[in-house]
Amino acid sequence: MSVDTYASSNPNEVHENVLLKARDACYKARDAFYACLEKESGKKPTEIATVGLLYPKECSNSRTQFVNNCRSSWVKHFDREYCRNKRVQRLLDDGDERKGPMSLPQPYTFKPSPSS
């Protein structure tokens with residue numbers, strides 16, 4: 001019995017092992033692509049991914065594997081997540097002395113002015 005025949009005779013059956021393998025392949029391809037981005041971070045990004053993410057040409061092969069192994073909605077989600085994390089990291093790593101948690105004035109800072 002071929003896979004197509006089996007799948008058509010059981011259309012509502014969930015093949016968890018197939019889903020697990022596909023998800024693992026997606027995660028491995030994703031991790032390889034983002035590892036390439038980190039490794040090649042000093043190179044000029046010339047290629048365009050989704051959600052405005054740019055990457056160097058050296059990561060084209062790993063990007064292709066990532067796109068081929070993951071659903072497009074997942075690719076966009078992971079790209080968005082990566083960009084968000086990089087933006088937050090950049091803000092935290094900024095040389096600005098104001099980085100870190102914001103300290104709010106304490107109640108004793110605001111003393112009522114004496115009434116005239």
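1. Overall make-up. The model is a predicted one, and its secondary structure comes to four helices and two strands, which run α-α-β-β-α-α from the N terminus on. Of the 116 residues in the protein, 20% are buried, and the accessible surface comes to about 9600 Å², with 54% of that area belonging to carbon and sulfur atoms. Among contacts between residues at least 6 apart in sequence, 47% join residues at least 24 apart.

2. Aromatic pairs across the chain. The structure holds nine aromatic pairs. One of them joins F33 and Y55, whose ring centres are 5.3 Å apart and whose planes stand at 85°, so this pair counts as edge-to-face, the cut-off being over 60 degrees. The pair links distant parts of the chain, since F33 belongs to helix α2 (residues 16–39) and Y55 to strand β2 (residues 54–55), 22 residues apart. Both partners are buried: F33 has a relative accessible area of 0%, and Y55 has a relative accessibility of 8%.

3. An α-helix has 3.6 residues a turn, so residues three or four places apart point the same way. The two partners fall into separate accessibility classes, as W74 is partly exposed at 31%, whereas F78 is buried with a relative accessible area of 8%.

4. The aromatic cluster and Y34. Ring pairs link Y27, F33, Y34, Y55, F66, W74, F78 and Y82 into a cluster. Within this group, Y34 touches F66, F78 and Y82, and its contacts also include L53 and D79, when residues up to four places away in sequence are not counted.

5. Two arginines over rings. Which ring does the charged end of R30 sit over? It is the ring of F78, with a distance of 4.6 Å from the ring centre. R30 is found in helix α2 and counts as buried at 18% relative accessibility, where the cut-off is under 20%. Leaving out residues up to four places away in sequence, R30 touches F66 and F78. The charged end of R63, in turn, sits over the ring of F33, 4.9 Å from its centre. R63 has its place in helix α3 and is buried, with a relative accessible area of 5%.

6. The buried residues of α3 (residues 60–69) are S60, S62, R63 and F66. They cover an arc of only 160° around the axis, which puts them on the same side of the helix. On the other side of α3, N61 and N68 are exposed. The cover over the buried residues includes α2, β1 (47–48), β2 and α4.

7. The nonpolar core. The largest nonpolar core has 16 residues, and those with the most contacts inside it are F33, Y34, L37, L53, Y55, C59 and F66. Helices α2 and α4 each supply at least two residues of this core, and α2 gives the most, with six residues. In soluble globular proteins, nonpolar side chains tend to be buried together.

8. A loop residue to look at. Where does V51 lie? V51 is found in the loop between β1 and β2, and its phi is near 45°, a positive value in a residue other than glycine. At 38% relative accessibility, V51 counts as partly exposed.

Terms used:
Residues numbered from 1 in each chain as written. Predicted model: local features only at pLDDT ≥ 70, side-chain atom pairs only at ≥ 80, totals over all residues. Heavy atoms only, no water. Phe/Tyr/Trp six-rings, centres within 6.5 Å; stacked < 30°, edge-to-face > 60°. Buried < 20%, exposed > 50% of the residue type's maximum accessible area, 1.4 Å probe, protein only. Lys NZ or Arg CZ within 6 Å of the ring centre and 35° of its normal. Contact = heavy atoms within 4.5 Å. Areas by Shrake-Rupley, 256 points an atom, 1.4 Å probe, with all protein chains shown as cover. Arc of directions from axis to C-beta. Core = buried A, V, L, I, M, F, W, Y, C linked by side-chain atoms within 4.5 Å.
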